[in-house]
Amino acid sequence: MSLDARVVDKNGGHGHAVVIGSGLAGLTAARALANLMDRVTVIERDWLPRGPGRRRGVPQARHTHTLTTTAHTGLERLFPGIRHDLVRAGAVRVRVPADLLTLGPAGWLPRFDTGLSRFSAGRDLIDAVVRDRVRADPKVTFLTDHEVVALQPGPQDTVAGVWVRARERRSPDGFAPRRLMSAEYVVDASGRGSRVPEWLAALGYEPPRETVSATATTHATTLYAPPVGHVADFEGLLLMPAPGDPRRAVLSPVEGGRWSVTLSAGDGSAPPTDHTRLLAAADTLRDPLLRDLIANATPLGPVYTCRTRSSRRHYEQLRRFPDQLLVVGDALATLDPAHGHGMTLAVECALVLDQMLTAHGTAVGISHRLRRALAHRVGPAWRSATGPLDPPHGLRARLGSRYGSRLAVAATTDRQAATELLTAHETLAPPAARALWAALRPRGEAAVPPPPTATHGPDARRRRPVAPTAPAIGVATGSVRPQPTGSSAHWPAVTPAGERRRP
Ligand SMILES: Cc1cc2nc3c(=O)[nH]c(=O)nc-3n(C[C@H](O)[C@H](O)[C@H](O)COP(=O)(O)OP(=O)(O)OC[C@H]3O[C@@H](n4cnc5c(N)ncnc54)[C@H](O)[C@@H]3O)c2cc1C
């Protein structure tokens, strides 16, 4: 392919679009663009594996990734049948909360079918399944081992392409000289390290205002093989943060019958860095169930840690911004991963792009509308990711916080309240009137919430038994521990071997 060749638009077509980055935001944006543009080139600085392989550009792939209800529903709209492909590749569909034991902010939620579900799999597998679908599109070409280094300005505040350089081992700086790739539309999906603000500044544009959360979240993740003989009537486990305890823990089933376990702390405290510390940290969570599960499981790799901050670039506020350029996914807003909405946002950006291109029948002259539409879509996810970190100010915020607490308590005994609590999290929808009613309606004495059915014993309903003849592991309790008090560093020192803390 000639990189310098300008797309000739003889047939009144829409020309060539370039997507920077082949993460989930780039792949889904390419899909949306292919509906309108004549051809799409996805430029990726990594070499891309066939199938689910690890790569440098997505280091977060080592951590637990799940597709929320909104994310997989949106993916299905973009790629009909993709949920089937995901399951065939090994992803696990987890009904929320029927298959996901969920410790809400005020206690265990009842287990029943809400219609909500997650797809749980390694991030490499999710990307690979989506990538295969994009690769099958004859309009889309991948240009791998190429890095975009600048934007090419066009006439009258437009972008006319990008400058790219190929990786070249023999050259002193590791790259070949840069070349121009012309395009009628450019989408930046290069993730949290996006350099579009600098590139805009180099062209004389004002860079966007950026909001960054004050607090960092830390994460520690490892993969496990379930205990030999493990049987349970649930697929995964979610411990949500609670007032006074910003920790979150998740156990997600992933391909190959393994568990991906992540412990996160919303107060930025140092994450556990090895298996002993991870187990000790799990032992101080609000409930001992996760600890009981992983104590008998076999670690399959090291403990990976990372520290993240939510950040958002307000492109919608810029008065002057080049047309035919759009920023999506993490490059637009990096959300606290503890809430698991990053991929949701990537998919939502692509849906907005698809809708707007279809509605206007052109990619030209709609930049401002697109940026505003994306900002509107980012809003709920941003508030959900940063809300718990900001102490409520003003009457509205205080009422919102009290409503949240009432809903959390009601959710432990009331299915409607539980549905609303989970729907808000899974779909980022604003609370419906019925949620308000579920939270506020007077109720009699609350029933004692049932413990989660962690059945590892003889009563277990068998599901994917690993080795039926082997001994079963101990029965986990459903008690909720008293919350830790007064400490901002929520992960403990290592507990001496053999010593187990119980309330
Ligand atoms: C610990 C952790 C856990 C998470 N868990 C979840 C979860 O459970 N659910 C969820 O929805 N989200 C989760 N996320 C968030 C999710 O990983 C991101 O939101 C998602 O990866 C964003 O996709 P993206 O395509 O915007 O960016 P990325 O996936 O980061 O992709 C960017 C791509 O651009 C390429 N690139 C960068 N610069 C250039 C360049 N100059 N030229 C060419 N290519 C370039 C990179 O190589 C990369 O391939 C988690 C994140 C973390 C850190």
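Before we go on, a word on what we are looking at. This is a predicted model, where local features need pLDDT of at least 70, side-chain atom pairs count only at pLDDT 80 or more, and totals for chains, interfaces and linings use all residues. Residues are numbered from 1 along each chain as its sequence is written, and side-chain values use heavy atoms, with hydrogens and water left out.

T64 uses its backbone instead, with an N or O atom 3.1 Å from a nitrogen atom of the ligand. How much of the ligand's accessible area does the protein cover? It covers 96% of the 1000 Å² that the ligand has on its own, with areas from the Shrake-Rupley method and a 1.4 Å probe; for residues, only the protein chains shown count as cover.

Now for the shell. There are 36 residues around the ligand, and E44, H65, R123, D330 and M343 come nearest; a residue is near if one of its heavy atoms lies within 4 Å. By class, the shell has 10 nonpolar, 19 polar and seven charged residues. In that count, Ala, Val, Leu, Ile, Met, Phe, Trp, Tyr, Cys and Pro are nonpolar, Asp, Glu, Lys and Arg are charged, and the others, Gly among them, are polar. Several elements supply at least two shell residues each, including helix α1 (24-34), strand β9 (146-154) and helix α8 (342-360). Those names come from DSSP runs, numbered from the N terminus: helices are H or I with at least four residues, strands are E with at least two.

Let's look at α1 on its own. Because 10 of its 11 residues are buried, α1 is largely enclosed by the rest of the structure. Buried means under 20% relative accessible area, exposed over 50%, and partly exposed in between, with a 1.4 Å probe and protein chains only. Among the buried residues of α1 are L24, G26, T28 and L33.

V130 sits in helix α4 (residues 123-135), and it counts as buried because its relative accessibility is 1%.

Next, strands. Is β16 (residues 247-254) mostly covered or mostly open? Mostly covered: eight of its eight residues are buried. R247, A249, L251 and P253 point one way, while R248, V250, S252 and V254 point the other way. On one partner, β15 (residues 236-239), three bridges make an antiparallel pairing with β16, where two strands pair if DSSP finds at least two bridges between them. In that pairing L238 stands opposite V250. With β17 (residues 258-265), β16 is also antiparallel, over eight bridges, and P253 stands opposite W259. The hairpin of β16 and β17 has three residues between the strands, and G256 takes a positive phi near 80 degrees.

For a parallel case, take β1 (residues 16-20) and β2 (residues 39-43), which pair over five bridges. Here A17 stands opposite V40.

How many aromatic pairs does a search of the whole structure find? One. The ring centres of Y315 and F321 are 5.6 Å apart and their planes meet at 65 degrees, so this pair is edge-to-face. Rings of Phe, Tyr and Trp (its six-membered ring) pair if their centres lie within 6.5 Å; planes under 30 degrees apart count as stacked, over 60 as edge-to-face and the rest as tilted. Both Y315 and F321 are buried.

Last, some backbone details. V96 and P97 are joined by a cis peptide bond, with omega about 0 degrees. Q156 is not a glycine, yet it has a positive phi of about 50 degrees, and it counts as exposed because its relative accessibility is 77%. Q324 also has a positive phi, near 65 degrees, but at 11% relative accessibility Q324 counts as buried.

Technical notes:
A polar contact is a pair of N or O atoms within 3.5 Å; within protein, one must be able to donate a hydrogen and the other to accept it, and residues adjacent in sequence count only if both atoms are side-chain atoms.
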